[in-house]
There are 2 protein chains.
Amino acid sequence: MSKNNLEKYLDADNCPVRNVLDRIGDKWSVLVILLLGDADTLRFNEIHKYIGTISQKMLTVTLKKLEADDLIHREIYPQIPPKVEYNLTERGKSLLPNLKNLVSWANEHMVEIKSARATALTSS
Amino acid sequence: MSKNNLEKYLDADNCPVRNVLDRIGDKWSVLVILLLGDADTLRFNEIHKYIGTISQKMLTVTLKKLEADDLIHREIYPQIPPKVEYNLTERGKSLLPNLKNLVSWANEHMVEIKSARATALTSS
DNA sequence: CAGCATCCGGGCAGATACTG
DNA sequence: CAGTATCTGCCCGGATGCTG
């Protein structure tokens, strides 16, 4: 491929990669999507428990962003105590295979990458 | 899939997804990898020019991280003025298809997502 | 040309306390 | 239970200036 069609990466606002990465590139989104992909439906505190290290605040923010992009669906049950369930939308499900591929790649290469990093560190 | 095998997502250090995303999930890494995937070999200032909005500092940081993970190769020509060329390693190339899939997905869904975001905004 | 060193501001993210 | 509100600290990342 020549260098002539590289301009597509330049326009940050309209560059699809950038647009998607700005959302799922954060610390937790992918994790939540994978989790919901496996579990189908989860309540707020279930997600919180599974991820463990995420704060309540960041989980709320993450879920809202994903909901705004229509990647997850939020079902509210008007009860006391309240009950809210989350699951993937069709669009969220369509993203899932791509993420799973990335997971597979990560699984295959993680060990090598870790050792590469270690080497890079000691040589500095 | 049951909830029983969700524990794999919990250990942040050894979770492959987390490990990969911690690296390529930043603002520029994916862009650089895609760029080098298209262009084969680029010099520092060529990358700088193509991305445009990246600062010199962040480009340096990004390239070093990618090099530490052995995703890109750095070839230094001992000349004056100096010349440094970057290209993908085999490992970097193996990641490329996964990223391209993500790009395709992004291309297909960007418009819908943007309108979903707009709706989410006006309803708040 | 290809960086490195330094300074600095804004926003992300954690901790804590409170609520329907 | 599933959040909100607020305060705060810290790190990311931009701008600038300097080097081999």
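A polar side-chain atom of B:Gln56 sits 3.3 Å from a base nitrogen of DNA strand C. That is a polar contact (a pair of N or O atoms within 3.5 Å; within protein, one must be able to donate a hydrogen and the other to accept it, and residues adjacent in sequence count only if both atoms are side-chain atoms). The model is predicted: local features need pLDDT of at least 70, side-chain atom pairs count only at pLDDT 80 or more, and totals for chains, interfaces and linings use all residues. Residues are numbered from 1 along each chain as its sequence is written, chains are lettered from A and ligands numbered from 1 in the order in which they are written, and side-chain values use heavy atoms, with hydrogens and water left out.

B:Arg74 places a polar side-chain atom 2.2 Å from a phosphate oxygen of DNA strand C. Of the DNA strand C atoms within 4 Å of the protein, 61% belong to sugar or phosphate, and the rest to bases.

There are 17 residues around DNA strand C, and A:Lys57, B:Thr60, B:Lys64, B:Arg74 and B:Tyr86 come nearest. Near means that a heavy atom of the residue lies within 4 Å. By type, this surface has seven nonpolar, four polar and six charged residues. Nonpolar covers Ala, Val, Leu, Ile, Met, Phe, Trp, Tyr, Cys and Pro; charged covers Asp, Glu, Lys and Arg; the others, Gly among them, count as polar. α4(B) gives the most, with four residues. Helices (H or I, at least four residues) and strands (E, at least two) are DSSP runs, numbered from the N terminus.

Turn to the strands of chain A. β2(A) and β3(A) pair antiparallel over six bridges, and five residues lie between them in a hairpin. Strands pair if DSSP finds at least two bridges between them. A:Arg74 stands opposite A:Tyr86 in β3(A). Strand β1(A) joins β3(A) by three bridges, also antiparallel. There, A:Thr41 has A:Asn87 as its bridge partner.

How do the two chains relate? Chain A can be laid on chain B with an RMSD of 0.1 Å by a turn of 180° and a shift of 0.0 Å along the axis. The two copies are therefore related as by a two-fold rotation axis. The superposition is by least squares on the C-alpha atoms of residues with pLDDT of at least 70 in both. In chain A, A:Gly25 comes closest to the axis, at 2.4 Å (C-alpha).
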